[in-house]
Amino acid sequence: MSVIVLVENNGGTIKPKGFEAVQYAAQLAQKMGTTATAVVLGTIAETEMQALGQYGAKRVLHIADERLNNLHARAYTRALVNAAEKENASVVVTLYDLTGRVVAPRVATQLKAGIIAGALSLPDLDKGFVIKKSVFSGKAFGYVNIISNNKVIMLAANTLQVKKGEGAAAVEKLDVAFEAKDFAIVVKEVNKVTGEIPLADAELVVSGGRGLKGPENWGVIEDLARELGAATACSRPVSDADWRPHHEHVGQTGGTIRPNLYIAAGISGAIQHLAGVSGSKTIVVINTDPEAPFFKAANYGVVGDAMQVLPRLTEAVKKF
Ligand code: FAD
């Protein structure tokens with residue numbers, strides 16, 4: 001009975017959210033009285049993997065096959081199932097991102113495991129294996145008990161405060177006998193970046209809606225994002241109108257993000273938009289309409305014209 005965690009290799013470096021996944025797995029393993037082992041796929045330096053010890057991984061299983069540098073659902077599944085069998089693992093942790101969504105359900109099927117998508121807590125072991133998650137497009141929380149022996153957990157981003165500690169994980173090679181069909185279908189994650197920060201990994205996000213009136217006004221969003229070191233996002237009508245690229249659209253039919261700070265300017269706060277952003281730690285809303293629904297979800301609100309408020313915020317940030 002141990003815990004394994006898939007840690008994504010982002011072109012030779014550990015994907016930043018992977019540290020949170022490792023810390024989650026390590027804390028879970030501690031609760032269960034066992035240890036957490038990270039599984040890393042593809043070409044990557046040993047020092048990158050050893051550093052996972054700073055987040056609680058005792059060991060790393062490295063499956064070095066270079067074909068794993070790109071996401072192949074079947075191959076990743078075979079790799080994780082092999083690792084789980086080798087480690088006698090009863091829990092497999094992945095992130096709740098593209099890779100997790102593609103791989104975790106397949107792993108769960110093969111291990112006959114119950115699965116939770118978007119875990120927001122460590123399991124409550126006193127009540128079984130009860131994990132919190134958001135339901136009804138972020139309108140409520142549900143508490144799900146996984147009753148199967150094997151369990152797969154897809155962790156929502158920003159569930160834990162990541163803390164770097166001491167230590168180095170021991171890295172071991174794991175050979176897996178892949179089949180040609182494991183690499184027959186290629187799913188490639190394309191992380192388009194408008195500024196410099198990929199939206200999915202961003203801790204800070206500045207987002208604009210139809211209230212900004214047109215693409216020519218997006219400079220006020222980009223200026224603030226640049227000063228903050230934030231990613232940019234938008235509401236769906238904005239991307240539908242081609243004011244912004246589709247990968248920036250967040251909400252029920254777009255991306256789901258959980259940054260530490262979400263600044264929404266000229267966005268009404270429709271339920272379909274909130275579905276993608278309501279997990280943000282702090283929400284700041286700028287809207288001319290004091291009755292805009294977004295204010296109900298906001299931690300801070302400014303009733304005002306985004307074209308005036310955003311440049312003043314940018315100036316204020318520059319002074320820090
Ligand atoms: P609007 O609703 O037009 O709101 C603009 C806001 O800007 C208003 O509140 C207005 O008061 C304010 N404003 C105007 N001028 C200014 C100014 N100068 N300064 C500051 N504020 C100003 N939407 C999403 O975003 N994401 C989704 O994933 C999504 N999925 C959907 C799925 C379905 C099935 C359906 C039916 C809808 C979906 N929608 C989604 C659309 C959603 O219902 C809303 O229509 C949309 O979110 C509204 O976008 P908006 O707030 O930018 O625009």
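Residues are numbered from 1 along each chain as its sequence is written. In this predicted model, local features need pLDDT of at least 70, side-chain atom pairs count only at pLDDT 80 or more, and totals for chains, interfaces and linings use all residues, while side-chain values use heavy atoms, with hydrogens and water left out.

**Around the ligand**

Helices (H or I, at least four residues) and strands (E, at least two) are DSSP runs, numbered from the N terminus.

| Protein atom | Ligand atom | Distance |
|---|---|---|
| Lys-213, polar side-chain atom | nitrogen | 2.8 Å |
| Thr-253, polar side-chain atom | nitrogen | 2.8 Å |
| Gly-266, polar backbone atom | oxygen | 3.1 Å |

On its own, the ligand has 980 Å² of accessible area, and the protein covers 74% of that. The areas come from the Shrake-Rupley method with a 1.4 Å probe.

**Two annotated residues**

An unreviewed UniProt entry places a "binding site" feature at several positions, including Gly-269 and His-273. Such annotations may be inferred rather than shown by experiment.

Gly-269 sits in the loop between strand 12 (261-265) and helix 7 (271-277). Its relative accessible area is 4%, so Gly-269 is buried (under 20%; exposed is over 50%, partly exposed in between). Beyond its neighbours within four places in sequence, Gly-269 is in contact (heavy atoms within 4.5 Å) with Leu-274, Pro-293 and Phe-294.

His-273 belongs to helix 7. His-273 is buried too, because its relative accessible area is 5%. Leaving out residues up to four places away in sequence, His-273 touches Cys-234, Ser-235, Val-250, Gly-251, Tyr-262, Ile-267 and Phe-294.

**A further histidine**

Where does His-72 lie? His-72 is in the loop between strand 3 (59-63) and helix 3 (73-87). Its relative accessibility is 6%, so His-72 counts as buried. The His-72 side chain reaches the backbone oxygen of Arg-67 at 3.3 Å.

Methods:
Buried < 20%, exposed > 50% of the residue type's maximum accessible area, 1.4 Å probe, protein only. Polar contact = N/O pair within 3.5 Å; in protein donor to acceptor, adjacent residues only side chain to side chain.
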